[in-house]
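Please look over the sequence and the model shown below before reading on. The report then turns to its fold, its core and one of its pockets.

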Amino acid sequence: MNDSNVAVTVLLLGGAVVGVAGWCWFRWKLSRVDLTPPGPAAPYTPPEPGLVAPDDLRTDRAMPDQDVDDALRVAEAGSWEAAADLLDRTGQAWEPRSRRARALGAYAAQQDGWLLAWRAQRPGDPDAALVHAYALVELAWLLRGSQRATHTTREQFDGFHRVLGEAQEACAEAAALADPADPSPYVAELPVARGLMYGHEKFRSLWSEVTSRAPYHYDAHCAALQYWCAKWRGSEALAEEFATSAAESAPAGSLLRVLPAVSWYEHHIADGGIGLFQQPEIVARVQALVDDVAAASAEHPSLPAARHVLAYFLPLQGRAAEALPHFRAVDGWTGTFPWNYSGADHYIESRDEAFRSVSTPA
């Protein structure tokens, strides 16, 4: 046998040895793998009895409203009369009116037969026109999606802008039909202004229509702040100016001291690190909101939304015990800032950690 044949034989024998060894190692590892199917997950146990389980959270609103749920249940069956009655009974309670019309519109954006019947049977009804406007706003944002612009397709943008144009016309129709004192059609137009990138002067004109009718409208101020943020049509400086001015000019208990805290979040949350939340500037902003909530009427329609903000911020500032009453007051509802950014899972994580940290202090 020549040298080349010897080399080949050695290589073949070596490969066989390695192969046998590898197979033996694989069988050894396999024998130690637990192939038993996993059992059912352990049931969720809340850190305090009575807290809502993850599967039972509502992500559509910040707070309960049984009247809205009842109206939506009737609308699901194809009838509009309960929705019409609800808005008629809401009357001039402007914040609940906007919020309820938006909830009805959100449902109509996905199932609109009942709304079309309402509009056909009452073509000049201002309440139906308002719900229609909100439905188009909701539909436009559904078409766009929730991703940043760099992850949104041209087709999504085209549909978004087309339907927002229709929503703009619908808001104008709703305003023409509405009680002259009603700010709701102008509140509905605020997300249209943001999506269509109204110029500053045009937006200020729209904003004056809102504030001349409802100077301390909570949802309207939160929507306007979004317009002034750097990610939309403004900048950090403009958002800060808007938030500070609105908060300082509003009476105690208006809850508009939420705005500086939200503005800070919008422009600094990406900076990372829990230490950011404990800086004196943001601690002061949160304390101002604590005082505002304490001064608010228990019947303020936006009190739950403000409590959600405190429930988020206070534990991050080492004040978990102060957050617990707010968590208890709003528990089960996550369809508002900041959970509509971070998700219902984050709500559960934040809530449960707050309760555990108080029950088992370090």
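Which residues does W114 touch, not counting residues up to four places away in sequence? W114 touches A75, G78, S79, W80, A83, L104, Y107, A108 and V131, where contact means heavy atoms within 4.5 Å.

## Basis of the model

This is a predicted model, in which local features need pLDDT of at least 70 and side-chain atom pairs count only at pLDDT 80 or more, whereas totals for chains, interfaces and linings use all residues. Residues are numbered from 1 along each chain as its sequence is written, and side-chain values use heavy atoms, with hydrogens and water left out.

## Overall fold

The protein has 17 helices and zero strands, these being DSSP runs numbered from the N terminus (helices H or I, at least four residues; strands E, at least two). Of its 362 residues, 43% are buried, a class defined by a relative accessible area under 20%, with exposed over 50% and partly exposed in between (1.4 Å probe, protein chains only). Among contacts with a separation of 6 or more, 66% are between residues 24 or more positions apart.

## Nonpolar core

The largest nonpolar core holds 97 residues, of which W114, W118, F203 and F313 touch the most other members. Helix 6 (residues 126-144) gives the most to this core, with 10 residues. Such a core is a set of buried Ala, Val, Leu, Ile, Met, Phe, Trp, Tyr and Cys residues joined through side-chain atoms within 4.5 Å.

## Second largest pocket

The second largest pocket contains about 300 Å³ of space, a volume being the space filled by probe spheres set on grid points that are joined across faces, edges and corners. A pocket is an open set of points on a 1 Å grid over the protein atoms alone, where a 1.4 Å probe fits, with protein on both sides within 12 Å along at least five of seven lines, and lining residues have an atom within 4 Å of a point.

Its lining comprises 18 residues, and M63, P64, R99, H300 and P301 lie nearest the centre. Helix 4 (94-108), helix 14 (303-316) and helix 15 (320-330) each give two or more residues to this lining, with the largest share, four residues, coming from helix 4. By class, the lining has 11 nonpolar, one polar and six charged residues.

## Buried residues

S350 is found in helix 17 (residues 344-359); it counts as buried because its relative accessible area is 16%. Leaving aside neighbours within four places in sequence, S350 is in contact with F327 and W339.

C171 is buried, at 1% relative accessibility, and C229 is likewise buried at 1%. A search of the whole structure finds zero disulfides, that is, pairs of cysteine sulfur atoms within 2.5 Å.

Note on methods: Nonpolar A, V, L, I, M, F, W, Y, C, P; charged D, E, K, R; others polar.
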